[in-house]
Amino acid sequence: MDVLLELVTTGRIGRVRLGMLLSEAEEVLGSGAPHPAIRLLGPEASGYPYYWGDLSLYVSDGRVDRVVLQPSEVIERDVFLEILRRSGTAFEPHPALTFDGQSAIRTDAGAVILFAHREAAEGLDTAGHYLVLARVMEVPAS
């Protein structure tokens with residue numbers, strides 16, 4: 001949860017940030033697992049991610065242009081929004097990505113957080129909206 005909160009409040013995870021070279025990210029994180037398209041097309045393939053578990057860095061022209069975190073833990077939307085409020089993080093609805101069973105918010109740090117409706121099933125006792133991913137695609141305005 002700490003890494004997720006850091007991403008949505010600062011737009012960064014430690015030294016990992018938009019605009020850094022993939023080689024710099026690999027110095028911090030170790031070698032990532034490249035998307036199959038990168039393996040097929042070679043390192044000049046742009047717009048595909050490298051994976052480090054729940055973290056994906058999308059790379060174009062050798063630079064990180066999107067940071068995506070898909071938490072493995074189940075986080076209910078209202079619980080996550082309360083955590084943001086308590087941390088003092090400003091956020092607002094993100095209508096462009098809110099439709100049908102999906103809702104989204106955007107933080108001042110430029111993070112977009114997606115929630116999707118999930119039915120009760122094995123491992124999930126209650127139907128509701130749950131966090132799907134958090135991503136940063138633009139440097140936050142300062």
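Select Phe91 and Thr107: in E6, Thr107 is the bridge partner of Phe91. Strands here are DSSP runs (E, at least two residues), helices are DSSP runs too (H or I, at least four), and both are numbered from the N terminus. The model is predicted: local features need pLDDT of at least 70, side-chain atom pairs count only at pLDDT 80 or more, and totals for chains, interfaces and linings use all residues. Residues are numbered from 1 along each chain as its sequence is written, and side-chain values use heavy atoms, with hydrogens and water left out.

**Stop 1: strand E6**

Stay with E6. It is joined to E5 by 3 bridges, and the two run antiparallel. On to E7: 5 bridges join it to E6 (residues 102-107), again antiparallel. Pick out Ser103, which stands opposite Phe115 in E7. Then take Ala104, which faces Leu114 in E7. E6 and E7 form a hairpin with 3 residues between them. Click Gly110 in the turn, which has a positive phi of about 85°. How many of the 6 residues of E6 are buried? The count is 5, so E6 is mostly covered; buried means under 20% relative accessible area, exposed over 50%, and partly exposed in between (1.4 Å probe, protein chains only).

**Stop 2: the whole sheet**

Now show the strands. The open sheet has 8 of them, in the order E1-E2-E3-E4-E8-E7-E6-E5, with antiparallel pairing. Two strands pair if DSSP finds at least two bridges between them. Strand E1 (33-34) and strand E5 (91-93) stand at the edges; each has a single partner strand, so one side of each has no neighbour in the sheet.

**Stop 3: helices on the sheet**

Select H1. It lies across E4, E6, E7 and E8, at about 60° to E8. Axes are lines fitted to C-alpha atoms, for helices over the stretch in contact, and angles run from 0 to 180 degrees between N-to-C directions. Contact means heavy atoms within 4.5 Å. Next comes H4, which packs on the sheet and touches E5, E6, E7 and E8. The direction of H4 makes about 155° with that of E7.

**Stop 4: an aromatic pair**

The structure holds 1 aromatic pair. Show the rings of Phe80 and Phe115: their centres are 6.3 Å apart and their planes at 55°, so the pair is tilted. Rings of Phe, Tyr and Trp (its six-membered ring) pair if their centres lie within 6.5 Å; planes under 30 degrees apart count as stacked, over 60 as edge-to-face and the rest as tilted. Phe80 lies in helix H4 and Phe115 in strand E7, so the pair ties together parts 35 residues apart in sequence. Phe80 is buried, at 0% relative accessible area. Phe115 is buried too, also at 0%.

**Stop 5: the core**

Select Leu4, Val8, Leu57, Val67, Phe80 and Ile113. Of the 30 residues in the largest nonpolar core, these touch the most other members. Such a core is a set of buried Ala, Val, Leu, Ile, Met, Phe, Trp, Tyr and Cys residues joined through side-chain atoms within 4.5 Å. A second, separate core of 6 residues includes Val68, Val112, Leu114 and Leu133.

**Stop 6: a loop**

Finish at Ala127, in the loop between E7 and E8. Is Ala127 buried or partly exposed? At 37% relative accessibility, it counts as partly exposed.
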